[in-house]
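Here are a few notes to read with the model open beside you. Take the points one by one and find each place as you go.

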Amino acid sequence: MPIVKIWRWYRTFLLVLTPFLAPFAGMYVGARWVQGGRSLSFKARPQGTLIWVHAASVGELRTALALIEHLWAASPFSFLVTTVTPASARLLQKFTRLKVFYQFAPLDLPITVDRFLRKWRPDLGVFLESEIWPMLLLSLKQRKIPAFLVSARLSERAAARWKRLPQAALEELLSCFSAILAQSADDQVRFQQLGAHSAVVGENLKYLVPPLPVEEGAFQALRQAVSDRPLWLAASTHAGEEEGLLCAHQEVKRTLPGLLTIIAPRYPRRAAEIQRFCKAKGLAFALRSRGELPDPAKEIYIVDTLGELGLFYKLAEVVFVGGSLVPAGGHTLVEPAQLHCALICGPHMEHHQEIMDAFLCQEAVLQVTDIASLSREVAQLLTVPSYRSALQTAAESLAASQKQSFE
């Protein structure tokens, strides 16, 4: 298969660099293996049809597993799942509904990609959301292995970066996908502008994902600890949001003494900085990773653990979805909606715009512009049960109705 010149140069460049990159790549892979619970598959390829599903991290992995379960119900193929992050590897180890082969995704280098494809020989490749890796995709095309990009999204910022490449190179790369199923019409247009002639609007697989798990014993312990205190949750927060959220807490507690604010950062390592913010503001806090519970003397509860977000969605009736007050693209509204939460988010929901538009249309989410407007909405939702209940019902009903479209 002829490949446009830029990709031949790119492959040659990586081959030349490989001996120099090898030590660093080895350390990276080793660290990833340890952090991910030693999730490296030494198993042989199973007999029969093997579908390879690749997802970047935890959010995409949950979507991938829901898709696998949906496909497996129709025909029990074997599945290979690859991810990039250690957190996603640890999540998959807890997933017991399906038996899948798992390993970390190969580095996008010619030698590692060739070794990976020789071992697994997938019959089909499915990539989630925005996973576009040149060496992997070009190698799949050379081997005539169909590849699909599903629940595909492409922000304006990402599209601008890709447009730095020559148009012929972009068209060659995107032609590796037999089809691109975009999350929205806007995503479809952006893919088409890059040269993806196979881009169409598909179903958003986020609605297919089952509700997050809730460990009942842990929930009851938390429920008893918080008693009848007013509380709200800031979920999947990012740098640039947490300090402002503490200011929102201070404002809302003027109306609601005894308020408990729960902050679950997107990356647990951010807990150290959140603690510094709390100390600077004189706010007493408890840490989930220490096994602490939020006693009445604690105003802030920092959830610096992984895999427990469902527990806190069930606990908190009012949820701010993070990554949306700063230009991080936001996070999914579907998961908290499934657990009967009243939802608030900021202006930056670009990574989930199609879902955001649907929720806004059904009045199932409140969109705020800053910390001041967030404080007002949190106070209103916590003090007016009918207002909160209407938002909860609208969000949960929308998520349920969209999921039914897959059945």
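1. Start with Phe 148, which stands opposite Ala 179 in strand E6. Strand E5 (residues 147-152) and E6 (residues 179-182) run parallel and are joined by three bridges. Two strands pair if DSSP finds at least two bridges between them; strands (E, at least two residues) and helices (H or I, at least four) are DSSP runs, numbered from the N terminus.

2. A word on the source: this is a predicted model, where local features need pLDDT of at least 70 and side-chain atom pairs count only at pLDDT 80 or more, while totals for chains, interfaces and linings use all residues. Residues are numbered from 1 along each chain as its sequence is written, and side-chain values use heavy atoms, leaving out hydrogens and water.

3. Now look at the other partner of E6: three bridges join E6 to strand E7 (residues 199-201), again in parallel. Ile 180 has Ala 199 in E7 as its bridge partner.

4. On helix H4 (residues 110-120), the buried residues are Pro 110, Val 113, Asp 114, Phe 116, Leu 117 and Trp 120. They lie on the same side of H4, because they cover an arc of only 165° around the axis, taken from the directions from the helix axis to the C-beta atoms. Buried means under 20% relative accessible area, exposed over 50%, and partly exposed in between (1.4 Å probe, protein chains only). After H4 comes Arg 121, with a positive phi near 40°.

5. How many disulfides does the structure hold? It holds zero, a disulfide being a pair of cysteine sulfur atoms within 2.5 Å. The sulfur of Cys 247 is 11 Å from the closest cysteine sulfur, in Cys 278, so it is too far for a bond.
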